[in-house]
Amino acid sequence: MINLNQRLLRVCSFLKEGTLADIGSDHAYLPIYAIQNKICNSAIAGEVIKGPYKAALNNVAENNLGDSIEVRLGDGLAVINHDDEIDNITICGMGGPLIAKILKEGQEKLAHHPRLILQSNIQTQVLRNVLTSLNYEVINEVILEEKGHIYEIVVAEFNQSIMPLSTKEEKFGPYLLEEKNEHFYKKWNRELEALYHIKSQLNSSTHHERLKEIDSEINLIQEVLDNEIE
């Protein structure tokens with residue numbers, strides 16, 4: 001049986017029954033776990049790099065899951081065929097802008113309206129913005145720390161009547177804003193420190209506009225951290 005780290009276990013906790021496409025599957029650990037634990041009945045492990053693709057093939061074979069998991073070589077959602085009828089798409093271990101790019105470029109593969117479970121390493125704001133443009137509503141979020149790194153998980157479902165997120169919700173996450181756990185404070189205090197450091201390196205006469213942007217961002221983060229209730 002495959003053992004997953006805390007981050008991928010949380011991703012798996014949001015999977016619906018049915019089919020799974022794991023994009024950027026690396027060693028196919030997540031699909032293998034989902035099948036072994038009877039969370040999903042079939043899966044596609046998509047990988048664009050040949051090394052991890054071969055590793056995924058080997059892991060699927062070693063676990064005797066060739067009938068349930070198909071490993072496909074391809075870029076992003078291109079590994080999904082129009083007749084696959086996928087119920088869940090997972091994309092983990094990437095930056096928000098890259099996940100957003102994958103969804104935007106492959107949006108025709110979302111016609112079956114699968115649940116999206118997306119684990120972003122950085123800049124999740126960009127991802128939330130693209131989800132809204134694709135009529136995907138954020139239905140849950142998690143922020144957690146593992147080995148010194150802070151990760152965000154965004155779960156989204158298709159909703160034709162989606163309401164746009166506010167500026168704060170898009171930046172900080174609608175559910176994360178409500179909960180504001182210790183990892184939320186840690187992440188945004190780190191962001192504040194980084195912004196103050198950048199600010200200290202800039203010349204006020206030559207970087208006037210950039211300094212205004214930084215001050216605006218600092219004020220927004222500080223406001224959110226200082227307010228217990230939004």
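Keep in mind that the model is predicted.

**The sheet**

Let's start with the strands. Seven of them form an open sheet, in the order S3-S2-S1-S4-S5-S7-S6, and the pairing is mixed. Strand S3 (69-73) and strand S6 (136-146) are the edge strands, each pairing on one side only. On average, neighbouring strands in this sheet are turned by 15 degrees against each other, direction ignored.

Now zoom in on one pair. Strand S5 (residues 115-120) and strand S7 (residues 149-158) run antiparallel and are joined by 5 bridges. If you want a spot to look at there, find Leu116, which stands opposite Ala156 in S7.

**Helices on the sheet**

**The buried side of H5**

Which residues of helix H5 (residues 124-133) are buried? They are Thr124, Leu127, Arg128, Val130 and Leu131. These residues sit on the same side of H5 because they cover an arc of only 165 degrees around the axis. The general idea is handy here: an α-helix has 3.6 residues a turn, so residues three or four places apart point the same way.

And what do the buried residues of H5 pack against? The list has helices and strands in it: helix H4 (96-105), helix H6 (167-172) and helix H7 (174-179), along with S5, S6 and S7. Just after H5 comes Asn135, which takes a positive phi of about 65 degrees.

**Two helix pairs**

Two packed helices are described by the angle between their axes and the distance between the axes. Here are two pairs from this model.

| Pair | Angle | Axes |
|---|---|---|
| H4 and H5 | about 20 degrees | 8 Å apart |
| H8 and H9 | roughly 155 degrees | within 10 Å |

Take H4 and H5, which pack at an angle of about 20 degrees. That angle makes H4 roughly parallel to H5, and their crossing is left-handed. On the H4 side, the contact is made by Gly96, Pro97, Ile99, Ala100, Leu103 and Lys104. From H5, the contact residues are Val126, Leu127, Val130, Leu131 and Ser133. Leu127, Val130 and Leu131 are also on the buried list for H5.

Next come H8 and helix H9 (residues 208-226), whose axes cross at roughly 155 degrees. That makes H8 roughly antiparallel to H9. H8 passes H9 in a left-handed crossing. Among the residues making the contact are Phe184, Tyr185, Trp188 and Leu192 of H8, and Leu211, Ile214, Ile218 and Ile221 of H9.

**Two loop residues to look up**

Glu85 is in the loop between S3 and S4. Its phi is near 50 degrees, a positive value in a residue other than glycine. Is Glu85 buried or exposed? Its relative accessibility is 52%, so Glu85 counts as exposed.

Lys147 is in the loop between S6 and S7. This residue is not a glycine, yet it has a positive phi of about 55 degrees. Lys147 is exposed too, with a relative accessible area of 81%.

How values were computed
Residues are numbered from 1 along each chain as its sequence is written. This is a predicted model: local features need pLDDT of at least 70, side-chain atom pairs count only at pLDDT 80 or more; totals for chains, interfaces and linings use all residues. Side-chain values use heavy atoms; hydrogens and water are left out. Two strands pair if DSSP finds at least two bridges between them. Helices (H or I, at least four residues) and strands (E, at least two) are DSSP runs, numbered from the N terminus. Axes are lines fitted to C-alpha atoms, for helices over the stretch in contact, and angles run from 0 to 180 degrees between N-to-C directions. Buried means under 20% relative accessible area, exposed over 50%, partly exposed in between (1.4 Å probe, protein chains only). The arc is that of the directions from the helix axis to the C-beta atoms. Contact means heavy atoms within 4.5 Å. Angles under 35 degrees count as roughly parallel, over 145 as roughly antiparallel, 65 to 115 as roughly perpendicular and the rest as oblique. A crossing is left-handed if the near helix is turned anticlockwise from the far one by less than a right angle, and right-handed if clockwise.
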